[in-house]
Amino acid sequence: MNAIKRFGSAMIVPVLMFAFFGIVLGFATLFKNPSIMGSIANEGTTWFKVWSVIESGGWTIFTHMEVVFAVGLPLSLAKKAPGHAALAALMGYLMFNTFVNAILTQWPHTFGANLEKGVENVTGLKAIAGIETLDTNILGAIIISGIVTWIHNRFYSKKLPEMLGVFSGLTFVVTISFFVMLVLAVITCMIWPTIQNGISSLQGFIIGSGYVGVWLYHFLERVLIPTGLHHFIYAPIEVGPVIVNHGLKAEWFKHINEFASSTKALKEQFPYGFMLQGNGKVFGAIGIALAMYATTPSENKKKIAALLIPATLTAVVVGITEPLEFTFLFIAPYLFVIHALLAATMDTLMYGFGLVGNFGGGLLDFIATNWIPLDQNHWLTYVIQVGIGLAFTVIYFFLFRFLIVKFDIPLPGRKKDTEDVKLFNKNDYKTKKGQQDQDKDAKATTGNEYEDKAQYYLAGLGGKDNIVDVTNCTTRLRLTVNDIDQVEESDYFTRDQMAHGLVKSGKNVQVVVGMSVPQVREAFEALVNEEEDKK
């Protein structure tokens, strides 16, 4: 389970870049549309050519998706020297595809894939980094990258005899990977056709599951957030082969010009495009924030508003909802389940009224990759979307307000004697033996916010000897520790707004840091490695 969670959080590294490139493609589609921009956007004009160049750059991550995942995963999964691990993974992935190419070239009829016909003319083949090979898409990239990273973690620091010292470190990892990739290439050539048939069957099942499948997809994507396993719900569908071979995002942007110019219903053109989970982040977050504000005593309303406004704007604009969701997740988990139920129902209802598209994030995604490019012929669909969304905002507000008051849920700011209003439960902190000295050491400032937080977290996590490994997702620092009893409670981490909260599960710990988590993780790892080097 720990390995699965680490893989899930590692996938977020390359996935985060899709939002930017999607926005680029959205604006390129808009500015190349003559019906919107006029004659300036006619094919052959300078304006058209400039935006065609920009559009080509927007396709970078979608065209080279496999390579991006192969290089991106080790940055989170490597326990030491992640840069070297990323290079080793790239080499491993290139070697794997080169071996596959050679095998298919030498024995084309044995494996049923004749490269002489050209990869563009044969289903299941693709040119990856210029190498004609089997189209294992990001699934192959993730597996290869994971295997090479495991080799790196196990053998990178292996000390070789002095006469073989030149082969140590990165070279030793690549050397081992060479022979492993050869074996994997042979196995892949033999079993991939069967796997590909299985993927095709899965695609047909999910597409044919209708509204039940849409509802389950959105419910699981939301309700699994605390476990970190939600990445395995949306990533294989949005950027993986579960629905279409190259992922729904790439499929959407590949045909967005056709969708924009056609008056046919969007759902008819893109029937499986149910990437709608951003609606819960936008419309749901507003209703939740209003309910929290409405149930706060008047003397604390200004304090809670100062926290809710930026948190809600973050959720609505870019789709990062954790500061809000984790507040009631820590205090009243059943509210989080209700949120997942409402969000899934709202998305399914919108899908029923014809809404499809790239709505996985916040308003930036909505506007740049849906509303603006397609508004001319599909504005009514988006009016219906907003209407349903606002109706659910009202439902969220009244339901959450009722539950908060009915069960007297102690959300931040609801206690009149609260001195310090934060977005997380502030129970009285029970001082442990020696805690004051530990706090003093942990709060020693370095003048760098990221390093200060890293030091503070390390102290609260039991010190360097208690850290097994560390990675991160969008907003959380994810760790495995030796002894969970050495890890402080949530109040320690949320003190002075050093973090937004803490989640414990067995020996797995998640510190909710915020959008600065990559920088904090880098400082944290540097601190741990620095301490290890002093041994």
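**An enclosed helix, and onward**

Guide: Helix α12 (residues 231-238) is largely enclosed by the rest of the structure, because six of its eight residues are buried. Buried here means under 20% relative accessible area, exposed means over 50%, and partly exposed is in between (1.4 Å probe, protein chains only). Helices (H or I, at least four residues) and strands (E, at least two) are DSSP runs, numbered from the N terminus.

Visitor: Which residues of α12 are buried?

Guide: In α12 the buried residues are H231, I233, Y234, A235, I237 and E238.

Visitor: Before we go on, what sort of model is this?

Guide: This is a predicted model, in which local features need pLDDT of at least 70 and side-chain atom pairs count only at pLDDT 80 or more, while totals for chains, interfaces and linings use all residues. Residues are numbered from 1 along each chain as its sequence is written, and side-chain values use heavy atoms, with hydrogens and water left out.

Visitor: Okay, new topic. Where is the annotated "active site"?

Guide: The UniProt annotation "active site", which comes from an unreviewed entry, covers C473; such annotations may be inferred rather than shown by experiment, and UniProt positions are given in the numbering used here, with feature names shortened. C473 is placed in the loop between β5 and β6 (476-481).

Visitor: Is C473 buried or exposed?

Guide: C473 counts as buried, because its relative accessibility is 2%.

Visitor: How do β5 and β6 pair?

Guide: They pair in the antiparallel sense over five bridges, where two strands count as paired if DSSP finds at least two bridges between them. The two strands form a hairpin with three residues between them, and N472 has L477 in β6 as its bridge partner.

Visitor: What sheet do they belong to, and in what order do the strands come?

Guide: It is an open sheet of four strands in the order β5-β6-β8-β7, with antiparallel pairing. β5 (467-472) and β7 (501-505) are the edge strands, each pairing on one side only. The twist averages 20° from one strand to the next, with axes taken as lines fitted to C-alpha atoms (for helices over the stretch in contact) and angles running from 0 to 180 degrees between N-to-C directions.

Visitor: What does β8 pair with?

Guide: β8 (residues 508-512) is joined to β7 by five bridges, and these two strands run antiparallel. β6 and β8 also pair in the antiparallel sense, over five bridges. V511 in β8 is the bridge partner of L502, and L477 stands opposite V511 as well.

Visitor: Switching to charges, how many salt bridges are there?

Guide: The structure holds eight salt bridges, each being a side-chain nitrogen of Lys or Arg within 4 Å of a carboxyl oxygen of Asp or Glu. One of them joins E221 to R222, with the closest N and O atoms 3.2 Å apart. E221 is buried, because its relative accessibility is 3%, and R222 is buried too, with a relative accessible area of 4%.

Visitor: What about D465 and K464?

Guide: D465 forms a salt bridge with K464, and their closest N and O atoms are 3.7 Å apart. D465 is exposed, with a relative accessible area of 54%, whereas K464 is partly exposed at 24%.

Visitor: And R521 with E525?

Guide: Their side chains meet in a salt bridge of 3.0 Å, N to O. Both residues lie in helix α23 (residues 517-533), four residues apart, which is about one turn of the helix. An α-helix has 3.6 residues a turn, so residues three or four places apart point the same way. R521 is buried, with a relative accessible area of 5%, and E525 is buried at 16%.

Visitor: Last one: which residues make the nonpolar surface patch?

Guide: The patch, of about 700 Å², is made by L139, I143, L182, V183, V186, I187, M190, I191 and I195. The elements that give two or more residues to it are α9 (137-155) and α10 (170-208), and α10 gives the most, with seven residues. Patches are made of residues with over 30% relative accessible area and no salt bridge, with like charges joined within 9 Å and nonpolar side chains (Val, Leu, Ile, Met, Phe, Trp, Tyr) within 5 Å. Accessible areas come from the Shrake-Rupley method with a 1.4 Å probe, and for residues only the protein chains shown count as cover.
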